Amino acid sequence: MAVSERIARCFGIAAARALAIRPLRKAKLSVVHLERSYEDGEHPVFLPADDAFLVMLYLVDVDHRDIWPDRTLATLKTYPKGSACLISLRHGAAISIGGRFEALAFHIPSSHFAELAEEAGEPRVDDLVTCRGIDDQVIRNIGGALMPMFDMPDEVRDQLLPHIGLALNAHLAHRYGRSPAQRLSASGRLSPIQEKRIKTYIAANLSDNMPVDQIADATGFSVDELCSGFMNTTGQSVAEWMSACRMKKAQSQLSKTGETIAQVAAACGFADEDTFIETFLKAVGVPPAEWRLRNRH
């Protein structure tokens, strides 16, 4: 049975539209459009153990609760339209769904990330961070791009899908990937790939205002080795580089978007609008609103 059929049947759906994507070599990513109304009460969904990850992008507001290994039920939660969940299927997963349900399910074998490291020069990823109800614009945009493709002619669709699949995998690796245990070189410096992995992870998660220990955990270092290696390699502390990255992103948002100052502050990881304005003024010499007027594209 195809992966897409197996996933659909777990949700009690006899037939579902599906896309199969092979972004690089052998590993195949499956995207399944799931839709059903569970009007007769909550429906349990048991997903078998698999060496893969599952991303669920909700296309409507969805009510569901986790089912723990001992079969007890967690608190019912509503995941809003456009939000996403990311889980590992290493030990399987179980949820209980009620009411109307519509989502895109992305089934991503772990081997995809090995191929990404080998073929595209990306840092190796051993695991992804489990997330529930996240607001991830990239996943949302990829889902939006895929929806019309269920009805496209094969020859058109097959040219586009590998690029979209590669973009999704790279995004997941950069933002949610956990690297295996890392060590510094004898000189105490980061390798080029280690430096890229750390900077990419920070840049992808600026809005979350991450502590250093979270960055260290995600990139495979102890906090001490991360801080010393980053300083020895870049001449900046992690906090200094993050601050500069935040300011660069803020200037890009101010010049290229119509977002409010508060929205830019939130997107760049500042505690609030006042903190952003104070920090921006100190770094650039003028308030963000004035800088925007001078530099609007």
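Predicted model: local features only at pLDDT ≥ 70, side-chain atom pairs only at ≥ 80, totals over all residues.

**Terms and their grounds**

Strand β4 (residues 62–66) is mostly covered, with four of its five residues buried.

Q: What makes β4 and strand β5 (residues 77–79) count as paired?
A: Pairing requires at least two bridges between the strands. Three bridges join β4 to β5, and the two run antiparallel; therefore β4 and β5 count as paired. Within β5, Lys 77 is the bridge partner of His 64.

Q: How do you know that β4 and strand β7 (residues 93–109) pair?
A: Four bridges link β4 and β7 in the antiparallel sense, and the criterion asks for at least two. The pairing therefore holds. In β7, Ile 97 stands opposite His 64.

Q: Why is Val 284 called partly exposed?
A: The relative accessibility of Val 284 is 30%. Buried would need a value under 20% and exposed one over 50%, so Val 284 falls in between and counts as partly exposed. Val 284 is found in helix α10 (residues 273–284).

Q: Which residues does Val 284 touch, not counting residues up to four places away in sequence?
A: Val 284 touches Met 247, Gln 251 and Trp 291 on that count, where contact means heavy atoms within 4.5 Å.

Q: Why are the buried residues of helix α11 (residues 288–295) said to line one face?
A: The buried residues in α11 include Pro 288, Trp 291 and Arg 292. Seen down the axis of α11, its buried residues fall within an arc of 105 degrees, so they line one face of the helix. Leu 293 and Arg 294, on the other side of α11, are exposed. The cover over the buried residues of α11 includes α8 (238–256), α9 (261–267) and α10.

Q: What makes up the lining of the largest pocket, by class?
A: The lining has 15 nonpolar, five polar and four charged residues. The pocket holds about 560 Å³ of space. Of its 24 lining residues, Ile 87, Gly 92, Ala 93, Ala 94 and Arg 132 lie nearest the centre. Elements that each supply at least two lining residues include β4 and β7.

Q: Which residues are closest to the centre of the second largest pocket, and which element gives the largest share of its lining?
A: The second largest pocket has a volume of about 400 Å³. Among the 17 residues that line this pocket, Asp 135, Gln 137, Arg 175, Ser 207 and Lys 249 are closest to its centre. The largest share of the lining, three residues, comes from α3. By class, this lining has five nonpolar, five polar and seven charged residues.

Note on methods
Residues numbered from 1 in each chain as written. Heavy atoms only, no water. Buried < 20%, exposed > 50% of the residue type's maximum accessible area, 1.4 Å probe, protein only. Arc of directions from axis to C-beta. 1 Å grid on protein atoms, 1.4 Å probe; cavity = no way out; pocket = protein on both sides within 12 Å on 5 of 7 lines; lining within 4 Å. Points joined across faces, edges and corners; volume = space filled by probe spheres on them. Nonpolar A, V, L, I, M, F, W, Y, C, P; charged D, E, K, R; others polar.
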